[in-house]
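I opened my notebook to look through a new model, one step at a time. Here is what I looked up, in the order I went.

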Amino acid sequence: MPNMEHQTAPAESIIQHLLREHRRWRSKDFPLISHLFDEAQSAAGQPPCLTPLRTAFHRLYAEIEGHMTREEQVLFPAILEAQSEPQPAEKGFGSIRNPIGMIEREHHWETERLEKMRQIARDYRLPEKADERLRLLFRELEALEAAMHAHSRLESSILFARALTAEKAPPKQAA
Ligand SMILES: [Fe+2]
């Protein structure tokens, strides 16, 4: 479940929270995992799953980069704009349902990729002789997976759900 405080938080502060996460993924988590893959692969005796896992991670990384940019440049501004206008406005993309639908399809794809990575890594079970680098890599991948699921849930079940409900609501009658 999304954090309780988000249930009642205004859209602006939810978006600020999501943007902080985007910044953290770009500046810290993705580069760190990428670096850990480089280090783990250069060490002897690593499990064979590491190569396909790394390929899957880099595909996800590239996709998420585009996804975050689309949210920042298209969807978040559209949600804030729709919220500040008294009546549903005709935007270049029509209803807010269109960009939300696109982003939700991307979430679905990301969930499938994360699941695929979990399968490749055999549920992130460490081999008996796993070294510290591999332990850290698997820990970071699992933390990223959990953070991405929470991020998508917060968007889908609170931010997007609210924007869709607001659009469906009839415009308020002028006094
Ligand atoms: Fe998202």
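This is a predicted model: local features need pLDDT of at least 70, side-chain atom pairs count only at pLDDT 80 or more; totals for chains, interfaces and linings use all residues.

**Entry 1: the whole chain.** What percentage of the 175 residues in the protein chain do buried residues make up? I found 21%. Next I looked up the elements: the protein chain has 5 helices and 0 strands. Read from the N terminus, the order is α-α-α-α-α. I also looked at contacts between residues at least 6 apart in sequence, and 81% of them join residues at least 24 apart.

**Entry 2: helix α5.** I started with the span of α5, which covers residues 132-168. Its 37 residues, at 1.5 Å each, should span 54 Å, and I found the end C-alpha atoms 52 Å apart, so the two values agree. I did find a bend of about 35° in α5, at Phe 160. Phe 160 is also on the list of buried residues of α5, along with Leu 134, Leu 137, Leu 141, Leu 144 and others. A reminder to myself: an α-helix has 3.6 residues a turn, so residues three or four places apart point the same way. What do the buried residues of α5 pack against? They pack against α1 (4-8), α2 (11-42), α3 (50-84) and α4 (97-120).

**Entry 3: helix α2.** I did the same check here. The 32 residues of α2 should span 46 Å at 1.5 Å a residue, and the ends are 45 Å apart by their C-alpha atoms, which agrees. α2 bends by about 50° at Trp 25. Trp 25 is one of the buried residues of α2, and so are Ile 14, Ile 15, Ile 33, Leu 36, Phe 37 and Ala 40. I noted that they pack against α1, α3 and α5.

**Entry 4: the cores.** In soluble globular proteins, nonpolar side chains tend to be buried together. How many residues does the largest nonpolar core have here? I found 16, and those with the most contacts inside it are Ile 33, Phe 37, Phe 57, Met 117 and Leu 137. At least two residues of this core come from each of α2, α3, α4 and α5. The biggest giver is α5, with 5 residues. Apart from this core lies another, of 12 residues, including Ile 14, Ile 15, Phe 76 and Leu 154. I then picked out Ile 33 and left aside its neighbours within four places in sequence: its contacts are Phe 57, Leu 137, Glu 140, Leu 141 and Leu 144.

Entry 5: Most residues other than glycine have a negative phi. I looked up Arg 122, whose phi is positive, near 50°. Asp 123 is not a glycine either, and its phi is positive at about 60°. Arg 122 sits in the loop between α4 and α5, and Asp 123 is in the loop between α4 and α5 as well. Are they buried or exposed? Arg 122 counts as exposed because it has 12 C-beta neighbours inside 10 Å. Asp 123 is exposed because 8 other C-beta atoms lie within 10 Å.

**Entry 6: Arg 162.** My last stop was Arg 162, in helix α5. Arg 162 is partly exposed because it has 15 other C-beta atoms within 10 Å. Its C-alpha atom is separated by 9.8 Å from that of Gln 83, 79 residues apart along the chain.

Key: Residues are numbered from 1 along each chain as its sequence is written. Helices (H or I, at least four residues) and strands (E, at least two) are DSSP runs, numbered from the N terminus. The expected span of a helix is 1.5 Å times one less than its number of residues. The bend at a residue is the angle between axes fitted to the seven residues ending there and the seven starting there. A residue is buried if 20 or more other C-beta atoms lie within 10 Å of its own, exposed if 12 or fewer, and partly exposed in between; C-beta atoms are placed from the backbone. Two residues are in contact if their C-beta atoms, placed from the backbone, lie within 7 Å. A nonpolar core is a set of buried Ala, Val, Leu, Ile, Met, Phe, Trp, Tyr and Cys residues joined through C-beta atoms within 7 Å.
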